[in-house]
Amino acid sequence: MPPDSVDMIHTRNVDEEDAEEEEDVEVAEQEEEDVEEEEDAENEGDKVASQYATDGNSTTVPKFNGYQLIGDSIVSRLTQYCSPPLRAEYNQYLKSKQVGFVVHGQTSCQLARHLHQAKFDWSQSKAAVLIGTNDALKNVPVDDAKKGIKNVLCFLATSAKQVVVMTIPPIPRDSVPERMDKIKELNAYIAEEAADKDNVAVLDIFSKFMLIDESINVDLFEKTFKSGMIDLIHPNQKGVESIENALIEITSKL
């Protein structure tokens, strides 16, 4: 593939700066009152989505190989490879770090609200979305998570030219069988929802982070944040490269 066909740069720089940047996202949110936080976000949904939608031109970026990136802090790690490279900045209305449709800590239902209310013309756009990690971390009920995922995929399938939806990667931070079962169930649902949509392709990210014995490949995850707090949620440089390479391959073929 010619170098100029890829709309990004390769400055391999997933380092302590990235880990520090993530310290105030999913891990901290998980350790707080997750249910209360989710209810607050729901109650202020219109206000938050309205600000999200009118945040200057940020909703036109970041793009990766011509695809609008959408998701949470997992996706945020890819934005450094976009052209130009981007980093999420704190949005006081969202109460989280954000760059375009990438918002740290957002769940599938929050993303669905944002997409529906954002002032963005998708008619000539392609989208690459990864959402659901925070549904698992914040103990969002499976049915609610499925509803959010369905709304996101239905919106994008009817609005964008082409969509790539990535499966949810495993979370090695806590050895909780129920969480792994939930992620697998949501990934199966993602594939099911995408199956009847001609312009939606599924990229299996989950398997990229698993070993042949079906255990999680922890070597692809950040072990700690710069503060020393345990991470094991966000992919490290090797993990990001695995996602990046898979995304390049599928988007270049579609």
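Is F101 buried or exposed? F101 counts as buried, at 0% relative accessibility. Buried means under 20% relative accessible area, exposed over 50%, and partly exposed in between, with a 1.4 Å probe and protein chains only.

## Basis of the model

This is a predicted model, in which local features need pLDDT of at least 70, side-chain atom pairs count only at pLDDT 80 or more, and totals for chains, interfaces and linings use all residues. Residues are numbered from 1 along each chain as its sequence is written, and side-chain values use heavy atoms, with hydrogens and water left out.

Helices (H or I, at least four residues) and strands (E, at least two) are DSSP runs, numbered from the N terminus.

## Aromatic cluster

The structure holds four aromatic pairs. Rings of Phe, Tyr and Trp (its six-membered ring) pair if their centres lie within 6.5 Å; planes under 30 degrees apart count as stacked, over 60 as edge-to-face and the rest as tilted. F101 and F120 pair edge-to-face, at 5.4 Å centre to centre and 75 degrees between the planes. F101 sits in strand β5 (residues 101-103), while F120 is in the loop between α6 and β6 (126-130), 19 residues apart. F120 is buried, at 18% relative accessibility.

The F101 and W122 rings have centres 5.2 Å apart and planes at 40 degrees, so this pair is tilted. W122 lies in the loop between α6 and β6 and F101 in strand β5, so the pair ties together parts 21 residues apart in sequence. Both F101 and W122 are buried. F101, F120 and W122 form one aromatic cluster.

## Nonpolar core

A nonpolar core is a set of buried Ala, Val, Leu, Ile, Met, Phe, Trp, Tyr and Cys residues joined through side-chain atoms within 4.5 Å. The largest one has 63 residues. I70, L115, W122, V129, L156 and L247 touch the most other members. Helix α8 (residues 142-159) gives the most to this core, with seven residues.

L247 has contacts (heavy atoms within 4.5 Å). Leaving out residues up to four places away in sequence, L247 touches F64, L69, L78, A128, V164, M166 and L203. Helix α6 (residues 108-117) is mostly covered, with seven of its ten residues buried. Among them are L111, A112 and L115.

## Salt bridges

The whole structure has six salt bridges. Each is a side-chain nitrogen of Lys or Arg within 4 Å of a carboxyl oxygen of Asp or Glu. R77 and E222 meet in one, at 3.0 Å, N to O. R77 is in the loop between α5 and β3, and E222 in the loop between β8 (200-203) and α10 (237-253), 145 residues apart. Both R77 and E222 are buried.

K146 bridges to E185, with the closest N and O atoms 2.9 Å apart. This pair links helix α8, which holds K146, to helix α9, which holds E185. E185 is partly exposed, at 37% relative accessibility. D196 and K197 also pair, at 3.3 Å between the closest N and O atoms. D196 is exposed at 58% relative accessibility, whereas K197 is buried at 13%. Shared partners join K150, E193, D196 and K197 into one salt-bridge network.

K182 lies in helix α9 (residues 177-195). K182 counts as buried, at 11% relative accessibility. K182 and A136 are 46 residues apart in sequence, yet 6.9 Å apart in space, C-alpha to C-alpha.

T79 is in the loop between α5 (73-76) and β3 (89-91). T79 is buried, with a relative accessible area of 1%. The T79 side chain reaches the backbone oxygen of S76 at 2.7 Å.

Key. Polar contact = N/O pair within 3.5 Å; in protein donor to acceptor, adjacent residues only side chain to side chain.
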